[in-house]
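Please look over the structure shown here before reading on.

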Amino acid sequence: MGFSKDQLLNRLQELEIDYTKYEHPPVLTVEAQAKYVSSSEGALSKNLFFKDKKHRYYIVSAMVDTKVDMKVLSQRLGLGKGGVRMAPEEALAQLLQVSLGCVTPFAVVNESARDVSLLLDQNFKNQKRCIFHPLSNEVSVSLNTSGLDKFLKSIERDPVYVDLEANPAVGKDQPPDLAVYVPSNSVVIPEITSETSTKQTPPPKSVSAEVKPVASAKPSKPASKGKSVVVENSTLLAFKNPEKFVEEIMDKTSALLLSEAKGENVEALAETRRKLLTSELTHLAIMFKNTAYTEGFHAGKHSQPKRL
Amino acid sequence: MEVDKKDENESESSEQVVNPWEVSAKDGGKIDYDKLIDKFGCQRLDESLIDRVQRLTSRQPHVFLRRGVFFAHRDFNEILDAYEKGDKFYLYTGRGPSSEALHLGHLIPFMFTKYLQEAFKVPLVIQLTDDEKCMWKNLSVEESQRLARENAKDIIACGFDVTKTFIFSDFDYVGGAFYKNMVKVSKCVTLNKAMGIFGFSGEDHIGKLSFPPVQAVPSFPSSFPHLFPGKDNLRCLIPCAIDQDPYFRMTRDVAPRLGYSKPALIESSFFPALQGENGKMSASDPNSAIYVTDTAKDIKNKINKYAFSGGQDSVEKHRELGANLEVDIPVKYLSFFLEDDSELEHIKKEYGEGRMLTGEVKKKLTEVLTEMVERHRRSRAAVTDEMVDAFMAVRPLPSMFE
């Protein structure tokens, strides 16, 4: 069941978060919203909901004046230059459970949005108050970022503030700085036809049913644009995906064996190389284990009690 | 854990000063570790102990042991005695999260602790003293908590096993059994004693005075009822830098009075700054250290420009006299991080006798460090907030001795 505006506002009150509520006719754009809520009440926000090629979803919430360059963001996330596009309407409904024109940081309160990454404009922090839709585009609330943070923490989300206008170089020596915010899980939304390989999707239920994300969906071979960024990504995948994990091991081991076979190694050197390889692979294995444990931990935290 | 330099009272330059707040050598020279061991009353880690470690763990001792980086201890032999009989122990180490920027010197205790965890197959608790930094560095509570989480990510990236590791921040965890032990310890240390050990004065706020028990009690298994229920006799081994010794001298003094075993220690020397032996690396001077966020270019630059060289001024002189290995930083760094004993020996010989030039040594060092930092960065990128939550969750660790 998607959170309703009233449920959200109640929750804010329970958490003793200070906010001001403004009711108005439904608005679909920031311009329309600005007619009813003046900037003296707080900074209006523009909210973008987009996805990447691996069906991972993101909300970016920014000050209206902040320039958000999707190409730059995509690179900073490690997705290559054209790696993101606006999310389709179905995703809005199924993951965020809000209507058009209503994307808001608050949408992550829904279980269905648990794998959606939320990036907030760090400029919000300088504002006394910021304005967001509380899950309905007939209402706006203004609150201080500390209130938003408190709310996010109450649903076990770490508030992430980012300099959205920054454009750092991304390359071999400079890994994408926002790559850590890429969700660990991709989400399969039924009824999306597009270029994705359709898997066994659960029969579409009514909107209120939770969409179960397909964890560790086998990622298709990463596109070869932006080589260095892809290298970063495939190493990250090796920590999560058993096939990639084994691939890393095979790659590294065969490189060592090949060089030994070619007689490139003197006995002693071979010994050291093997030791280094063992240590490297053990490290890889530990990260793999930690990642798996973390996914289990997440599942445990969010698992629902058995229905009696 | 490591508390920072205080703008000190009289640090006589005629005596070396080593305490959690300040590390400086006599007359701007080198730290005399023999004198330190004498003064503190701890033991040298000798060859026989290292051999014993090798036998008990069936693997080559860590490079830090072989090269004498971890060189002093208290009761490590007793830990090994008990281990031989089948009595396990747990590890305890920590970090004071004063800054987001971690340098290689910060990673050393963690790299060594990871080795100990793997070699002995024992659990580990890691304390993030966010409260301490909040007090000493005057950070806000939120900022110190945030730094603690950020530092936790770098720590996790060192490769700790989540099924055997509990990371906790003081702000999150102090309370319950932990706090009970803190009170027990506090009752055993008079104000005068604390002032004597830590140099507190009437001007210091009471927060500082009450901090030492926080760093002491993770040495007692009863502080972690979710981890070690009923195992009150489980021994504790603390890998740390030798400047932390005062905290644990106090703890060892108090332990018997509480009916607890004294924690054992295994202590490291200081990782020298790029510019030379005088003191530790400082998080406030970016060119004194290699940071885990440095790019390959940064590393190459820093080593070439700032690493203090023991080579001679001219090539001819160098070929004639050889390098001064005592003060040469690149060779020192290689002795920390170059795994291969024979390769290091070769470099020392060739460089010391003038056949190898500084440039070559620096090049090798750049290679080694770049690889290390790269690997750390890759692992760090895989550490999600969720993973930090998992490491920090107060949960049992059923396979902690496997």
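This is a predicted model: local features need pLDDT of at least 70, side-chain atom pairs count only at pLDDT 80 or more; totals for chains, interfaces and linings use all residues.

The largest share comes from H8(A), which gives 13 residues. When the lining of this pocket is sorted by class, 21 residues are nonpolar, 10 are polar and 17 are charged.

## The cavities

Rolling a probe the size of a water molecule over the atoms shows where empty space is left. For the whole structure, the search finds 5 cavities of 30 Å³ or more.

The largest cavity has a volume of about 100 Å³. Of its 10 lining residues, those closest to the centre are Lys252(A), Glu280(A), Leu284(A), Arg375(B) and Arg378(B), and the elements that give two or more residues to this lining are H7 and H8 of chain A with H18 of chain B. By class, the lining of the largest cavity has 5 charged, 3 polar and 2 nonpolar residues.

The second largest cavity has a volume of about 40 Å³, and its lining residues include Ser219(B), Asp232(B), Cys236(B), Tyr260(B) and Pro263(B). Here the lining divides into 5 nonpolar, 3 charged and 2 polar residues.

## A nonpolar patch on chain B

Val174(B), Tyr179(B) and Val183(B) make a nonpolar surface patch of about 230 Å². Val174(B) itself is found in the loop between helix H8 (170-173) and helix H9 (176-187) of chain B. Val174(B) has a relative accessible area of 31% and therefore counts as partly exposed, because that class lies between the limits of 20% and 50%.

## A loop residue of chain A

Is Asn167(A) exposed or buried? Its relative accessibility is 53%, so Asn167(A) counts as exposed, given that the class begins over 50%. Asn167(A) is found in the loop between strand E8 (161-162) and helix H6 (227-238) of chain A. Although Asn167(A) and Arg76(A) are 91 residues apart along the chain, their C-alpha atoms are separated by 8.0 Å.

How values were computed
Residues are numbered from 1 along each chain as its sequence is written. Chains are lettered from A and ligands numbered from 1 in the order in which they are written. Side-chain values use heavy atoms; hydrogens and water are left out. Patches are made of residues with over 30% relative accessible area and no salt bridge: like charges are joined within 9 Å, nonpolar side chains (Val, Leu, Ile, Met, Phe, Trp, Tyr) within 5 Å. Accessible areas come from the Shrake-Rupley method with a 1.4 Å probe; for residues, only the protein chains shown count as cover. A salt bridge is a side-chain nitrogen of Lys or Arg within 4 Å of a carboxyl oxygen of Asp or Glu. Helices (H or I, at least four residues) and strands (E, at least two) are DSSP runs, numbered from the N terminus. Buried means under 20% relative accessible area, exposed over 50%, partly exposed in between (1.4 Å probe, protein chains only). Ala, Val, Leu, Ile, Met, Phe, Trp, Tyr, Cys and Pro count as nonpolar, Asp, Glu, Lys and Arg as charged, and the others, Gly among them, as polar. On a 1 Å grid over the protein atoms alone, a cavity is a set of points where a 1.4 Å probe fits but cannot get out, and a pocket is an open set with protein on both sides within 12 Å along at least five of seven lines; lining residues have an atom within 4 Å of a point. Grid points are joined across faces, edges and corners, and a volume is the space filled by probe spheres set on the points.
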